[in-house]
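Here is a friendly walk through one protein model, with a few stops along the way. Have the structure open beside you as you read.

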Amino acid sequence: MTAVAGLAALALAGCSDDKAAPSGGGELGGTVTVFAAASLTETFTELGKQFEAAHPGVEVVYSFGASSALAEQINQGAPADVFASAAPKNMQQVRDKGEVTVAPVTFVRNRLEIAVPKGNPAHITGLADFGKAEPKIALCAEQVPCGAAAKTVFAAAGVDPKPDTREADVKAVLTKVKLGEVDAALVYRTDVKAAGDQVEGIDFAEAAQAVNDYPVAPLAHAPNATAAAAFVDFVRSDQARAVFAGAGFDAP
């Protein structure tokens with residue numbers, strides 16, 4: 001499987017073959033290009049391998065990134081088959097442009113968690129530390145789902161955050177923590193879990209105030225519409241739900 005972090009591999013979508021039958025039976029073929037939120041990187045990469053194993057004629061190609069950026073790329077005509085967003089707002093932007101003509105389905109939910117470097121050298125204890133001048137803090141840009149969720153939880157906690165950096169997506173924020181470049185960050189709890197022993201997570205009560213719904217839909221101008229529909233069905237399957245649960249996502 002090829003995992004793509006940006007637009008470099010979008011031309012591959014033109015190689016798709018949509019002659020096959022949908023997911024219930026028959027052979028699928030060609031490339032299915034999936035634009036997916038950065039927080040889905042690990043789970044969708046695993047699901048892509050499983051989908052390819054079930055359909056040997058298919059190659060799954062990903063573009064992972066901030067949902068807001070992916071929505072803009074789709075609306076500007078980037079060829080893709082499926083969009084999986086970390087927030088309904090960005091899916092709606094695509095629907096408003098006519099790029100999605102079927103009702104998107106929420107397939108998982110996620111919430112924020114404080115991430116700190118291993119050992120928590122700055123002794124971060126909660127959201128209140130994000131309002132102090134001393135710790136180095138990383139947050140997502142406010143226009144992306146993890147940044148919008150962060151804004152909500154800070155408002156709920158009555159904290160005025162003092163970020164030292166704002167990053168384009170949640171994986172970029174997590175990298176700052178992994179490298180020890182910041183003392184704390186807000187990322188999704190699934191990202192903390194995926195990082196293993198490279199970071200530590202701290203739960204906080206206000207996270208319940210900003211639970212993100214993740215919708216998925218095939219795109220109206222999908223080059224490989226048949227494989228797109230099959231992939232969306234697979235994302236909603238019991239097999240996929242087991243992968244999401246293992247990664248720490250909540251069921252919708």
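This is a predicted model: local features need pLDDT of at least 70, side-chain atom pairs count only at pLDDT 80 or more; totals for chains, interfaces and linings use all residues.

## The cavity

The largest cavity is lined by 13 residues, and A38, A66, S67, P145 and V170 are the ones that lie nearest its centre. Its volume comes to about 70 Å³. How many cavities of 30 Å³ or more does the structure hold? The count is one.

What kinds of residue line the largest cavity? Sorted by class, nine are nonpolar, three are polar and one is charged. If you wonder how such a space is found, rolling a probe the size of a water molecule over the atoms shows where empty space is left.

## The open sheet

Next, have a look at the strands. Five of them form an open sheet, in the order β8-β7-β9-β6-β10, with mixed pairing. The edges belong to β8 (165-167) and β10 (199-202), each of which pairs on one side only. From one strand to the next, the twist averages 35 degrees.

Strands of a sheet pair through backbone hydrogen bonds, either parallel or antiparallel. Which way do β6 and β10 run? Strand β6 (residues 112-117) and β10 are antiparallel, joined by four bridges. To pick out one partner pair on your screen, find A115 and its bridge partner G201 in β10.

## Helices on the sheet

Two helices to look for here are α4 and α5. Helix α4 (residues 145-157) packs on the sheet and touches β6, β7 (137-140) and β9 (184-188). The direction of α4 makes about 115 degrees with that of β9.

Helix α5 (residues 170-178) also packs on the sheet, where it touches β6, β7, β8, β9 and β10. Between the directions of α5 and β9 the angle is about 140 degrees.

## Where α1 meets α7

The last stop is a helix pair. Helix α1 (residues 41-54) packs with helix α7 (residues 225-235) at an angle of about 120 degrees, and their axes are 11 Å apart. This crossing of α1 and α7 is right-handed.

Which residues make the contact? From α1 come F44, L47, Q50 and F51, and they meet A227, A230, F231, F234 and V235 in α7. By class, the contact of α1 with α7 has eight nonpolar residues, one polar and no charged.

Note on methods
Residues are numbered from 1 along each chain as its sequence is written. Side-chain values use heavy atoms; hydrogens and water are left out. On a 1 Å grid over the protein atoms alone, a cavity is a set of points where a 1.4 Å probe fits but cannot get out, and a pocket is an open set with protein on both sides within 12 Å along at least five of seven lines; lining residues have an atom within 4 Å of a point. Grid points are joined across faces, edges and corners, and a volume is the space filled by probe spheres set on the points. Ala, Val, Leu, Ile, Met, Phe, Trp, Tyr, Cys and Pro count as nonpolar, Asp, Glu, Lys and Arg as charged, and the others, Gly among them, as polar. Axes are lines fitted to C-alpha atoms, for helices over the stretch in contact, and angles run from 0 to 180 degrees between N-to-C directions. A crossing is left-handed if the near helix is turned anticlockwise from the far one by less than a right angle, and right-handed if clockwise. Contact means heavy atoms within 4.5 Å. Two strands pair if DSSP finds at least two bridges between them.
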